[in-house]
Amino acid sequence: MSTASAVDGEPRLYSTLSHRVEPLTTGPDGIVRIYVCGPTVYGPIHVGNARPFVVFSVLKRYLTRRGYAVRFVSNVTDINDKIYVAAQREGVPSAELAARYLNEYVTDTNRLGLGRPDVEPTVTGHMAEIIALIARLIAVELAYPSAGDVYFRVDRFPGYGKLSGRRLDEMLVTEPGGAKEHPLDFALWKGHKPDEDTSWDSPWGPGRPGWHIECSAMAQAALGPSFEIHGGGIDLAFPHHENEIAQSEGANGVPMAGIWAHNEMLELGGKMSKSEGNIVLLRDALDRWGRDVLVAFFLRTHYRSKLPFGDAALEDTGRQVETIRNAARTLDRAESVPGEGINRTLADTLVAARSDFFDALDDDFHTPRAFAALFEVIHAINRAVEGGRPGVAQLQAARAEFVGLLDVLGLADLAAGPPVAPAEIVALAAEREVARVARDFVRADALRAEIESLGYDVRDTPEGPQVTPR
RNA sequence: GGCGACGUGGCGAAGUGGGAACGCUGCGGUCUGCAAAACCGCCAUGAGCCGGUUCGAUUCCGGCCGUCGCCUCCA
């Protein structure tokens with residue numbers, strides 16, 4: 001059995017850049033800075049968009065619990081081709097549409113109950129920084145204006161392709177774009193087009209930022225030129241993150257991020273498809289499964305594994321969540337009528353499981369293994385209460401440890417104590433208990449059926465009937 | 001075609017050069033008026049396929065097959 005305390009090791013994360021699991025570093029001020037690419041707000045976000053939000057929100061919780069100061073920044077893209085298209089289709093101003101879906105994004109992700117990033121910058125809020133960064137890149141000849149646009153000069157940045165493992169000379173397949181020097185040069189600034197209802201003044205004429213420059217500018221504004229973790233979906237590694245590196249490192253001359261952490265994709269109904277039928281909106285998933293099940297669903301699989309989304313998997317997760325809730329109910333019951341002394345096995349398991357839990361998260365944020373440790377705790381609690389019930393002090397210690405681990409995963413409310421059943425239900429349960437004691441089982445069973453029809457289960461325990469939501 | 005990730009029991013999902021965690025499901029049992037919860041026990045002689053290294057490979061190396069993402073292509 002490991003006797004290591006939770007803080008013996010050090011957190012490590014896999015970096016797409018090095019292809020290795022690397023020790024997490026902190027900045028000079030001891031802070032862990034995390035930047036994660038957020039959504040483009042041209043519609044309600046789907047469950048796939050929610051994965052990085054959940055993964056990195058919980059990563060922050062874990063690091064915070066681990067004693068680190070964390071600054072978590074996640075942007076929202078509110079200027080984009082898709083936004084113009086969606087706004088035209090709906091016949092509303094693009095800014096209005098973006099503001100609306102930004103608001104809905106916040107509403108939807110709030111329902112996950114994981115808090116918010118410390119900073120959530122927008123493109124429209126960083127126009128000056130974006131323009132300054134572009135000017136800097138032009139000054140060092142890594143960018144050039146052309147026909148109202150500004151492009152990044154890809155072949156002048158030596159490390160281009162280092163993140164995604166591509167070589168410039170192996171990508172030379174497209175025919176040169178008209179205004180570009182090199183076919184793979186990408187736009188930093190796009191001159192205004194007539195069908196776009198917004199534009200910003202710049203030294204290169206009216207227009208708007210290109211696809212990638214915003215993140216370089218926003219990350220630098222919030223976290224400085226170099227920070228510890230840059231995250232996002234693996235589908236963003238190329239070209240988005242590759243271009244961010246080129247822009248930021250080209251302008252600043254220092255590594256943009258120490259660790260590039262990418263979550264794998266959600267698979268919707270088998271093969272990933274962009275057809276509407278394979279998209280599940282986050283709000284719909286929340287309505288159907290609830291935030292507890294959804295958060296647990298994201299966490300029970302490693303963040304770098306593909307995650308098929310489907311009823312069977314969510315139902316399975318729902319049963320796991322129920323097992324967790326039941327352990328909390330068992331503690332409730334035990335604490336109401338505690339025993340004496342301490343259970344040695346429970347005490348040992350609490351120590352070992354805590355260690356295993358944090359060791360797992362230290363090892364490339366292995367949430368599935370953390371869950372395994374959590375279930376060790378649950379098992380030990382159930383066994384202890386089943387056998388010689390321990391004293392109240394140990395029961396409370398067990399609850400504190402149990403809730404503490406759950407809280408790291410954002411699931412503490414699973415053990416938030418017994419939900420108060422409506423008085424009507426409680427009355428029915430009491431009535432049933434009277435019938436049951438009188439051995440009038442026909443009536444008792446009829447009352448159980450009635451209670452169940454109202455959405456509650458009755459569980460008879462040595463401490464009397466326990467009513468739980470179904 | 002290029003780059004990358006990956007192929008483990010009914011499902012999900014880990015660790016590991018030498019007895020294949022954990023969860024769900026299923027089966028048997030205990031408890032219970034019944035039920036639920038919980039507890040006890042059982043369920044992969046084999047880890048996509050084929051070679052190689054090794055005393056020994058699921059675990060390392062090579063090849064093949066397959067899945068997925070990005071790029072390319074196409075539009």
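**Close-up views of a predicted model**

**View 1. Phenylalanine 365 is buried, with a relative accessible area of 2%.** Buried here means under 20% relative accessible area, exposed means over 50%, and partly exposed lies in between (1.4 Å probe, protein chains only). This is a predicted model, in which local features need pLDDT of at least 70 and side-chain atom pairs count only at pLDDT 80 or more, while totals for chains, interfaces and linings use all residues. Residues are numbered from 1 along each chain as its sequence is written, chains are lettered from A and ligands numbered from 1 in the order in which they are written, and side-chain values use heavy atoms, with hydrogens and water left out. Phenylalanine 365 sits in the loop between α9 and α10; helices (H or I, at least four residues) and strands (E, at least two) are DSSP runs, numbered from the N terminus. Although phenylalanine 365 is not a glycine, its phi is positive, at about 55°.

**View 2. Helix α9 covers residues 344–362.** Its 19 residues reach 27 Å from first C-alpha to last, close to the 27 Å expected at 1.5 Å a residue; the expected span is 1.5 Å times one less than the number of residues. At the start of α9, a side-chain oxygen of asparagine 343 comes to within 2.9 Å of the backbone nitrogen of threonine 345. That pair is judged as a polar contact, which is a pair of N or O atoms within 3.5 Å; within protein, one must be able to donate a hydrogen and the other to accept it, and residues adjacent in sequence count only if both atoms are side-chain atoms. The buried residues of α9 include Leu346, Leu350, Phe357, Phe358 and Leu361. Among the elements that cover the buried residues of α9 are β1 (12–15), α1 (47–65), α10 (367–386) and α11 (392–408). Aspartate 359 also lies in α9, but this residue is partly exposed, with a relative accessible area of 26%. From aspartate 359 to arginine 436 there are 77 residues in sequence and 49 Å in space, C-alpha to C-alpha.

**View 3. Domain 2 and domain 3 are in contact.** Chain A is divided into domain 1 (12–286), domain 2 (312–415) and domain 3 (423–469), with bounds that come from an automatic or database domain assignment. The centres of domain 2 and domain 3, taken over C-alpha atoms, are 28 Å apart. On the domain 2 side 7 residues are in contact with 7 residues of domain 3, where contact means heavy atoms within 4.5 Å. About 520 Å² is buried between domain 2 and domain 3, and carbon and sulfur atoms give 43% of that area. Asn326, Arg329 and Arg333 supply 74% of the area that domain 2 buries against domain 3, more than any other three residues. Buried area is the accessible area (1.4 Å probe) that two parts lose on being put together, summed over both.

**View 4. Threonine 461 lies in strand β13 (residues 456–461).** The residue is buried, at 16% relative accessible area. A polar atom of the threonine 461 side chain lies 2.6 Å from the backbone oxygen of glycine 464. Leaving aside residues up to four places away in sequence, threonine 461 touches Arg333 and Gln466.

View 5. A disulfide is a pair of cysteine sulfur atoms within 2.5 Å, and a search of the whole structure finds 0. Cysteine 37 counts as buried at 8% relative accessibility; cysteine 215 is buried too, with a relative accessible area of 2%.

**View 6. The peptide bond from phenylalanine 238 to proline 239 is cis.** Its omega is near 0°. Proline 239 lies in helix α6 (residues 237–252).

**View 7. Alanine 147 lies in the loop between β5 (143–146) and β6 (149–152).** Its phi is near 55°, a positive value in a residue other than glycine. Alanine 147 is exposed, with a relative accessible area of 75%.
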